[in-house]
Amino acid sequence: MKLLNLEVFYVIAGIFLLLVAGRIALDRTHAKRWGSALFWGLLAVTFLAGKSLPPVAVGYMMLAMVGLAATKRMGFAGETGTSAEERAASAELLQNRIFAPALLIPATAVVGTLLLSKLHVGDWWLLDSANTTVTAVCLGAVGAVGLALGLTGARPATPVREGSRLMQTVGWALILPQLLAALGGIFAQAGVGPVVAELAAHALPTQYPFVAVVAYCTGMALFTICMGNAFAAFPVITLGIGLPLIVQQHHGNPAIMAAIGMLSGYCGTLLTPMAANFNLVPAMLLELKDKNAVIKAQVPIALVIITANILIMYFCVYRF
Amino acid sequence: MIKLIGILVVAVGFALRFNTLLVVMVAGISTGLVAGMSFHEIMELFGKYFVENRYMTLTVVFMLPVVGVLERYGLRERAEALVRRARAATAGRVLIFYTAVRQISIAFGVNIGGHAGMVRPLVAPMAEAAAKLQIAKAALPAEGAARAKQGKLPEKTIELIRAHAAAAENVGNFFGEDTVFAVGAVLLIQGTLQAQGFEVGLWALSLWGIPTALVAFACLVWRACALDRRLARESAAEPKQEGGR
């Protein structure tokens, strides 16, 4: 039995999302009042009751949410925060104490990973050991809200209002990572991966050891670009290209191949809008005009790392 | 081959800048239909995976209220003030420092940071403040710090710095993880190979992640220094534009 498992935090998140939806519904000045309220309300339901609802119902709810976003019926009203002077005055007053709540979250992550995840009385565990990272961050965030309210003397409504403002800044991009994960799942069910691996393996002269390495590393990167997730690409490309060519045909070392292969997949993650949680959501969070600005900044990095990976793998995988 | 229709939909949809949610949903529906699923079944799969992957959204939802409150009470301003006191700070150095901390900590299995929790409230404002300082110093060395407080960066520069801050987070996160301590990715690698009859040690996998981790850090240093040089060039060009005033 886990006291603080993911479900507990899903319910808390659901309640918060419901409050966001409620705030929008009550806001007569909101230009896209009902569409936005419906969008956040539906998302709240998937968090509150996702496990008990039949998946097909959630699917149609997603269809409705996508429809609302695509027809521009949901959006941001442009609620403004405080002025620069007020913030500067408050920063002056609080000095470095303002950092305490922000640093409480990584501190909880450290303590959670090293200590809390091992805490248990019999079969009762405090944290869900399978999801320590996520649960520890959420626990830290709850603590940080409490600490922040204590420090600033803000009313409990403030985190809801400010959170709602930021949530609407991110907008529909918030659910993109989940939707892309679902697309990855459908690709896997439909058997898209083996087709890609077979194409790559047949199109290239893989009888040369170097070509096999290039095919595997770039295959990992390209398939990750398509799927948005290196974890989804890894089994497909490793079974389709890596093991048959590098290990079985050319007698390479599987550990070296796999370790560097996964990291080649991450180069693909740096390059793709499909990896929304790493590339698009941050662009929204940082209020960038160009949604692809993060990817553009990462292009030189990804290209150098993948080249280095190919060389490291080629010089090591057949040698050790 | 026809099964690749989803990838085509995504590529065309992104290129024509349709709503991203719509593109992804259409890609999933067309792939499912081509593979012989009914519309109902496709919706069921979408729903199943959406619910299974709620954890991806969870941390952002939890971070935003805290970050919102702290920003309202001057977190960014305080982060900027802190940077103004560090004389050697540049935007690039702030990012290098952050990536180093991120890579090392996650190598030991501790996942601090994130775009919502660290980059938006702390790293990006610090890098922006450092850039202001750089530019102000270049213009008028004596009153640098005082001018930096009032100065505003051009919007293009802000975008550039923020995009690099997000990149620093991603590089630190991705390329530290597979070293030293076995976490998610290493276990997945081991499991996949094991299922095919290849036994590989966790330590071997971690060890072979280190060369790439070092290359990744070097790349980030290179980009960060390039960013600093670009800021220096822009600030050198700035007084000429202001000449008319």
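The buried residues of helix H5 of chain A are covered by elements of both chains, including strand S3 (124-127) and helix H6 (132-152) of chain A together with helix H4 (55-72), helix H5 (75-85) and helix H7 (115-139) of chain B. This is a predicted model, in which local features need pLDDT of at least 70 and side-chain atom pairs count only at pLDDT 80 or more, while totals for chains, interfaces and linings use all residues. Residues are numbered from 1 along each chain as its sequence is written, and chains are lettered from A in the order in which they are written.

**Helix H5 of chain A**
- The residues of H5(A) that count as buried (20 or more other C-beta atoms, placed from the backbone, within 10 Å of their own) are Pro101(A), Ala102(A), Ile105(A), Pro106(A), Thr108(A), Ala109(A), Gly112(A) and Thr113(A).
- At Ile105(A) the helix bends by about 30 degrees, with a proline, Pro106(A), following within four residues; the bend is the angle between axes fitted to the seven residues ending there and the seven starting there.

**Strands of chain A**
- Strand S1 (residues 2-4) runs parallel to S3(A) and is joined to it by 2 bridges, and Leu4(A) has Leu127(A) as its bridge partner in S3(A).
- Strand S2 (residues 120-121) runs antiparallel to S3(A), also with 2 bridges, and Val121(A) has Trp124(A) as its bridge partner there.
- The hairpin of S2(A) and S3(A) has 2 residues between the strands, and Gly122(A) takes a positive phi near 60 degrees.

**Chain B**
- Chain B has 12 helices and 0 strands, where helices are DSSP runs (H or I) of at least four residues and strands are runs (E) of at least two.
- Of its 245 residues, 55% count as buried.

Note on methods. A residue is buried if 20 or more other C-beta atoms lie within 10 Å of its own, exposed if 12 or fewer, and partly exposed in between; C-beta atoms are placed from the backbone. Two residues are in contact if their C-beta atoms, placed from the backbone, lie within 7 Å. Two strands pair if DSSP finds at least two bridges between them.
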